[in-house]
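Here is a short report for a reader who is new to this structure. Please look over the sequence and the model first.

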Amino acid sequence: MQFLSRYQPYALGLLRIFAALSFISHGTQKLFAFPAAPSWGMPAAMSLPWTAGVLEIVGGALVLVGFFTRPAAFVLSGLMAVAYWMAHGSKGFYPLLNGGEAAMLFCFIFLYIATAGPGAFAIESRKT
């Protein structure tokens, strides 16, 4: 399977892009009720969920285009670790049962991107 190694930068770039697109939708849900309002209601301005929504949109957009990818992904990884423990961890240990699967996966996907870099298709990967 060594022949797949040459596609590593492209696979990483696609992981970055699709994770960021999915992540941004969590922010647009919180701030703009798009594609649907959160089941728990719209967050008040400057509240913790509202701040998370801003980070999800802004940080997600930076990761999406591959600009300041490592610092943005690192911050988003931390955001998801905090979200997991604040919103899900208190409901039980297993992510499947406490509803924290997405937060856990985003946390480690963004941690990987922070360490591995943006991969292909990123603004900061362009040669001038």
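Is P49 buried, partly exposed or exposed? P49 counts as partly exposed, because its relative accessibility is 31% and that class lies between buried (under 20% relative accessible area) and exposed (over 50%), with a 1.4 Å probe and protein chains only.

## Basis of the model

This is a predicted model: local features need pLDDT of at least 70, side-chain atom pairs count only at pLDDT 80 or more, and totals for chains, interfaces and linings use all residues. Residues are numbered from 1 along each chain as its sequence is written, and side-chain values use heavy atoms, without hydrogens and water.

## Around P49

P49 sits in helix α2, residues 48-65. Helices are DSSP runs (H or I, at least four residues), numbered from the N terminus. Leaving aside residues up to four places away in sequence, P49 touches K30, W40 and P43; contact means heavy atoms within 4.5 Å. F32 is 17 residues from P49 in sequence and 13 Å away in space, C-alpha to C-alpha.

## The core

The largest nonpolar core has 17 residues. Such a core is a set of buried Ala, Val, Leu, Ile, Met, Phe, Trp, Tyr and Cys residues joined through side-chain atoms within 4.5 Å. Those with the most contacts inside the largest core are F23, V63, A73, L76, L79, M80 and F110. Helices α1, α2, α3 (69-88) and α5 (101-116) each supply at least two residues of this core.

M80 touches F23, E56, A103, F106 and C107, not counting residues up to four places away in sequence.

## Y10

Y10 lies in helix α1, residues 8-32. Y10 is partly exposed, at 44% relative accessible area.
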